[in-house]
Structures are given as structure tokens and as C-alpha cells.
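Please keep the sequence and the 3D view at hand.

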Amino acid sequence: MQLANIDRDQLLSFKPEVEKKYADLKAQGLKLDLTRGKPSAEQLDFAVDLLSLPGKNFTAADGTDTRNYGGLTGIADIRNIWSEIIGVAPENIVCGDASSLNMAFDLVTWAYTFGTNDSAKPWAAEAAEAAEQGEKLKWICPVPGYDRHHTITEHFGFEMITVDLLEDGPDLDQVRELVKDPLVKGMWAVPMFSNPTGTLYSEDVCRELASLEAAAPDFRIVWDNAYVVHTLTEEFPPVYDVLGFAAEAGNPNRFWCMSSTSKITQAGSGVAFFASSEENLDWWKRHAIVRGIGPNKVNQLAHAQFFGDAEGVRALMRKHAGSLAPKFRAVVEILEERLGGLGVAEWTDPAGGYFISVNVVEGTAGRVVELAKEAGVALTGAGSTFPLKQDPKDQNLRLAPSMPEPEQVRLAMDGFATCVLLAAIEAVEAGA
């Protein structure tokens with residue numbers, strides 16, 4: 001989306017109409033929000049019956065009284081269900097509280113403080129040694145990507161190196177070159193319905209990531225499968241066995257896989273899952289037992305009873321798809337209707353997840369956000385999908401249509417399109 005590719009005369013011919021639309025938009029006094037990917041009230045109501053469980057029966061299938069202490073790895077009832085969802089043996093899964101983000105933060109924290117089971121020393125010690133040479137530990141970040149992931153590695157002072165996220169996953173040519181550096185300790189990955197593009201990593205990409213020759217023996221890929229069942233259709237894409245791929249390639253400890261029920265049942269009070277090799281799980285247990293005596297097993301039992309089985313999870317997610325899909329269709333329809341063929345924007349049309357990624361004319365994303373804010377439409381800040389919130393092209397924006405009502409989505413998107421056009425017109429005029 002560059003100015004050189006835009007039909008300048010055609011775009012400027014729209015200026016009077018666009019300026020009028022923008023004035024009308026501001027006059028409406030709107031308060032619309034497309035910032036965070038939160039479930040709507042309707043979606044949260046799908047799991048309201050969960051709140052009455054487990055009733056008066058607190059006993060897990062193996063006889064465990066879930067009200068008591070212990071059970072560091074979580075109860076088998078929910079592990080067995082999630083085993084089928086993510087395609088990992090139950091014994092390679094542990095359950096925690098809340099969300100996959102909590103799990104990811106713990107893993108990076110413990111590796112930094114104590115080192116991993118494959119580390120010669122704590123990452124913090126390596127970081128100190130690197131600093132003496134004017135270097136930093138490094139982390140690979142496919143972009144556009146998830147801002148909360150970037151915030152974790154930013155928090156620990158990693159140099160975050162971006163690679164392009166392609167239609168089937170991260171650019172492997174870029175990744176192969178980067179992992180030759182022993183200071184590169186890890187990579188973020190959202191392999192299914194990536195935030196914000198909706199990308200599905202292909203099997204070939206998954207196998208290649210599993211078999212990469214990394215200079216750092218403790219190189220880890222944080223495989224955050226937060227959207228593993230978040231389809232917008234009736235179909236659920238295949239879940240690739242990256243743990244198996246990695247073991248076959250001689251890198252059994254390569255992946256830290258995680259998932260959760262956070263946007264499936266009640267956001268923020270779900271069950272989190274960490275799946276990995278036996279060695280990685282033993283390492284996790286050594287630190288987790290110090291952090292706490294055990295997770296919320298009552299909540300785990302409630303979830304197991306509510307779902308019943310893996311098909312119960314899928315049935316619930318089809319309800320979510322029924323709520324979300326019309327909103328996503330509205331976004332794409334309005335973008336196509338208002339901006340299609342003008343060369344001022346391109347966007348994803350995902351089959352799942354919570355977001356739509358939009359690229360606008362280079363140098364105008366921040367201006368689009370500013371114009372939208374003045375008109376009462378809140379957007380996620382420009383640059384949010386890049387480390388340190390610095391998009392070098394000032395081009396990418398993330399839309400989150402899940403929370404507003406459908407008619408509000410259409411109203412907000414019409415306003416968004418107007419702001420994209422106005423910002424493009426301003427850019428064309430400034431470059432004249």
C-alpha cells in the first residue's frame with residue numbers, strides 16, 4: 001500500500017464526499033470500540049451454566065476431592081478432553097489457571113531466572129555476559145503478531161527481531177538464518193488463526209520449525225495455540241503434532257505448547273494447558289511446586305462436566321462461530337464495498353480467530369487511529385502488532401469486531417473506512 005500505486009486523481013475525486021462523511025460521522029457522537037478481542041455478552045452467556053458446576057459433587061474420576069490441596073498437574077478429567085482437542089497424550093499435558101498467557105509468562109520467567117533443562121546457565125546470566133559485549137539475548141517475533149507476547153519479551157529486555165508472517169506461517173528463510181545465532185533463545189508462534197491475521201501454519205512449516213538447526217541448545221518455540229478451536233465456520237482445521245515432529249527430528253524439547261478455555265467459557269477464569277516433552281514437564285514441575293501447591297481443581301472439574309467430552313467443546317465453539325461470523329462478514333463486506341479496488345488498503349478474511357488485519361497506505365496507520373478517535377471509534381493503536389509498538393511502515397492495524405453488536409460493527413466499520421480514505425487523501429496531497 002504505497003502512494004506510488006494509487007490512482008491519485010481518482011482518490012482526490014472522492015475528497016468532497018469523504019470529508020462530508022467524516023463530518024457526519026463526528027456529528028453522531030459515537031462511542032464504539034474495536035480495540036480488544038473480548039467475547040461479547042452473548043458469547044459469555046453460552047457458558048453461564050458452568051457457573052453452577054460442579055454442584056455438590058467435587059470428586060474427580062480418579063476419586064480426588066478437588067476441593068483440597070495438591071494435584072500439581074491438574075485432574076485427568078479435563079486433561080483427557082484437551083488431549084483430544086490439541087492432539088497430545090494426556091501425560092504430556094499439565095493444567096493451570098486462567099490463560100495461556102499466564103503459562104507463557106511463567107515459562108520465560110523461569111528460564112530467565114533458572115535456565116531451562118537444556119541451558120548451561122540461567123538466561124539472565126547469559127544476558128549479563130552478552131551485555132558486556134554490547135549484545136542482548138534475542139527473540140524472534142513473526143509480524144504482525146500478538147502484542148501481549150511482545151510485551152513479555154520486552155519486559156525481560158530481549159532484542160526482538162521481526163520476521164514476516166506469510167500465508168502459511170513465518171518466513172522460514174528468515175528464521176533459518178536467525179537461529180544460527182546462539183543468542184537467539186526463542187520464537188513466538190500462534191499457529192492456528194494467528195493474532196491478528198488469522199493465519200494457519202501449514203504442516204510443512206510446522207515440520208520445518210521442529211527440525212531447525214538452532215545454535216542455542218535451549219532454543220524454544222512458544223507455541224500458543226490460544227485459538228485452536230476458534231473457527232468461524234463449521235470446520236475445525238487439523239492440529240499438527242509438533243511435539244511428535246520435534247521428537248522425530250531430534251529436538252524433543254523444542255516446543256512449549258499452550259492453550260486455554262479463556263475465550264471458550266468465562267474469560268479470565270478458565271483452565272490453562274501446557275503441553276510439552278517429558279523433560280520439559282519435569283523442569284516445569286520443579287518450579288511450579290515452589291510457586292504454588294496446585295491449581296484450581298474445582299474449576300477444572302466444572303469445565304470437564306460442562307464440556308462432557310471433546311465434541312462438547314466443538315459444539316460450544318460452533319455457537320461462538322454463529323455469534324462471531326456475521327460480525328466478521330460485516331467487516332469484510334464494508335471494507336470491500338468502501339475500499340475495494342482503490343489501492344488504499346488490503347485486509348485478511350480469516351476463517352477463525354478474533355481479529356482482522358488491515359494494511360493501509362504506508363505512513364498513515366497512526367493518522368487513521370487519530371481520525372477514528374476524534375470521530376468516536378476506538379481502534380487498537382498503530383504499531384501494536386509489532387515489538388515495542390513500532391511498525392516501521394506505520395501501516396498495519398488490527399480490528400477486533402467480537403464485542404460490539406452487529407449493527408455497531410457495521411457503523412464502526414463504515415466510519416473506519418472513511419478514516420482510511422481521508423488519511424490516504426491527506427497523504428496524496430502531502431506528497432503532491
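Strand β10 (residues 345-347) pairs with β11 in the antiparallel sense, over three bridges. The model shown here is a predicted one. Within this pairing, Trp347 has Val358 of β11 as its bridge partner.

β11 also pairs with β13, again in the antiparallel sense, over four bridges. Here Val358 has Leu397 in β13 as its bridge partner. Strand β11 covers residues 356-360, and four of its five residues are buried, so β11 is largely enclosed by the rest of the structure. Buried here stands for under 20% relative accessible area.

Strands of a sheet pair through backbone hydrogen bonds, either parallel or antiparallel. An open sheet of eight strands, with mixed pairing, runs in the order β2-β9-β8-β7-β6-β3-β4-β5. At its edges stand β2 (93-97) and β5 (169-170); each has a single partner strand, so one side of each is left without a neighbour in the sheet. Within the order, β6 (residues 184-189) and β7 (residues 220-224) run parallel and are joined by four bridges. Trp188 has Val222 in β7 as its bridge partner.

The last stop is the surface, by way of β13. The loop between β13 (396-399) and α15 (406-430) holds Glu405.

Methods:
Residues numbered from 1 in each chain as written. Predicted model: local features only at pLDDT ≥ 70, side-chain atom pairs only at ≥ 80, totals over all residues. Heavy atoms only, no water. Helix = DSSP H or I, 4+ residues; strand = E, 2+ residues; numbered from the N terminus. Buried < 20%, exposed > 50% of the residue type's maximum accessible area, 1.4 Å probe, protein only. Pairing = 2+ DSSP bridges.
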